[in-house]
Amino acid sequence: MKWRGAKNIKPLKVNETTFFVKEMNEKIQFLNNPSNNKDYIVLVQKDENIAPIFNYVKLKDNENIPSEYLKNNEFHKAVEGYLAIQKKDSLDSTINENNFNSLGYSKLRDKNYQEAIDIFKINVALHPKSANVYDSLAEAFMKSGDTIQAITNYKKSLTLDSGNSRAKKHIEKLKKQPSKN
């Protein structure tokens with residue numbers, strides 16, 4: 001099994017339904033939730049009088065978590081997954097704006113422009129009221145040579161933060177050069 005970045009985890013069988021996972025220091029069970037008839041990985045409660053909490057739905061064999069979809073360049077599935085996480089828990093750390101920005105700029109530094117654009121687009125989908133996400137997306141478009149999309153996104157950033165002097169400067173500069181797209 002895999003769990004939060006750890007791979008090839010081999011749970012130790014305690015009995016027919018319970019396993020111990022040393023990487024988690026927890027006992028787990030694979031149970032069916034009668035309320036939705038889905039299979040879950042359930043952490044065994046320390047107090048046996050407490051009912052199981054169905055937090056971790058078992059993924060289907062062909063299903064991935066959003067970061068795996070992103071890694072496999074399946075952008076649309078990644079966006080759907082991250083938006084589903086946001087809908088369930090808007091404070092989940094996997095949808096943190098700064099983390100996506102850091103990842104996007106890492107791709108930008110490596111000149112992986114399309115990957116950077118895709119990551120910044122996810123950030124825009126997750127945080128549409130943030131001027132910063134549009135500014136970052138604009139920069140990725142600018143570096144990829146797409147002047148029109150760069151200007152469009154810098155303008156959107158300005159509508160959310162009229163004091164963004166960096167965006168104003170880039171718009172003026174970009175208007176003076178022809179688009180490569």
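How many aromatic pairs does the structure hold? The structure holds four (ring centres of Phe, Tyr or the six-membered ring of Trp within 6.5 Å). The model is predicted; local features need pLDDT of at least 70, side-chain atom pairs pLDDT 80 or more, while totals for chains, interfaces and linings use all residues. Residue numbers run from 1 along each chain as its sequence is written, and side-chain values use heavy atoms, without hydrogens or water.

**View 1. F19 and F30 form an edge-to-face pair.** Their centres are 5.9 Å apart, with 70° between the planes (over 60 degrees counts as edge-to-face, under 30 as stacked, the rest as tilted). F19 sits in strand β2 (residues 18-21) and F30 in strand β3 (residues 26-33), 11 residues apart. F30 has 38% relative accessibility and so counts as partly exposed (between buried, under 20%, and exposed, over 50%; 1.4 Å probe, protein chains only).

**View 2. Y82 and F100 form an edge-to-face pair.** The centre-to-centre distance is 4.9 Å, and the planes lie 85° apart. The pair links helix α2 (residues 75-88), through Y82, to helix α3, through F100, 18 residues apart. Both Y82 and F100 are buried.

**View 3. Helices α3 and α4 cross at roughly 165°.** The axes of α3 (residues 97-109) and α4 (residues 113-126) come within 7 Å. The two helices are therefore roughly antiparallel (angles over 145 degrees). Contact residues (heavy atoms within 4.5 Å) include F100, L103 and Y105 of α3 and I119, F120 and L126 of α4. The contact residues divide into 10 nonpolar (Ala, Val, Leu, Ile, Met, Phe, Trp, Tyr, Cys, Pro), three charged (Asp, Glu, Lys, Arg) and three polar (the others, Gly among them).

Conventions:
Axes are lines fitted to C-alpha atoms, for helices over the stretch in contact, and angles run from 0 to 180 degrees between N-to-C directions. Helices (H or I, at least four residues) and strands (E, at least two) are DSSP runs, numbered from the N terminus. Angles under 35 degrees count as roughly parallel, over 145 as roughly antiparallel, 65 to 115 as roughly perpendicular and the rest as oblique.
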